[in-house]
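Hi,

Here is the structure I promised to pass on. Have a look at it, and then read my notes below.

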Amino acid sequence: MIVRIVKMSFKEEEIENFLALFQSKKQYIRGFEGCTFLELYQDKHNPSIFFTYSYWESEANLESYRHSALFKEVWAATKIKFNAKPEAWSLDQLVSLK
């Protein structure tokens, strides 16, 4: 399993637009083959900063998504709203306590 974390910082005037975009596309991202989990977080002290957390069955599934028409559409509409360069990490989960 791959855990993908993406940190994004938005122009203040674009926050609501980003949230509307995410709301309209979240079920398609989560429904993409190999995606088993998707969450969106907003920083408590800086409301311009957001993180997405997604779980992928394999790196191949994540790469397939990253090269898909869905990703290209969502990313093109998202990146124009940024006020800083996004950061992303692909991680192996070592421990999970629930």
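To start: is Glu-63 buried, partly exposed or exposed? With a relative accessible area of 28%, Glu-63 is partly exposed (buried means under 20%, exposed over 50%, and partly exposed in between, using a 1.4 Å probe and protein chains only).

Before you go further, this is a predicted model, where local features need pLDDT of at least 70, side-chain atom pairs count only at pLDDT 80 or more, and totals for chains, interfaces and linings use all residues. Residues are numbered from 1 along each chain as its sequence is written, and side-chain values use heavy atoms, with hydrogens and water left out.

Now the salt bridges (a side-chain nitrogen of Lys or Arg within 4 Å of a carboxyl oxygen of Asp or Glu). There are 3 of them here.

- Glu-63 pairs with Arg-66, with the closest N and O atoms 3.1 Å apart. Both sit in helix H2, 3 residues apart, which is about one turn of the helix. (Helices are DSSP runs of H or I with at least four residues, strands are runs of E with at least two, and both are numbered from the N terminus.) Arg-66 is partly exposed too, at 32%.
- Glu-87 meets Lys-7, at 4.0 Å between the closest N and O atoms. Glu-87 is in strand E4 and Lys-7 in strand E1, so this pair ties together parts 80 residues apart in sequence.
- Glu-73 and Lys-25 come to 2.8 Å, N to O. Glu-73 belongs to helix H3 and Lys-25 to helix H1, so parts 48 residues apart in sequence are tied together. Lys-25 counts as buried at 16%, while Glu-73 is partly exposed at 44%.

Cheers
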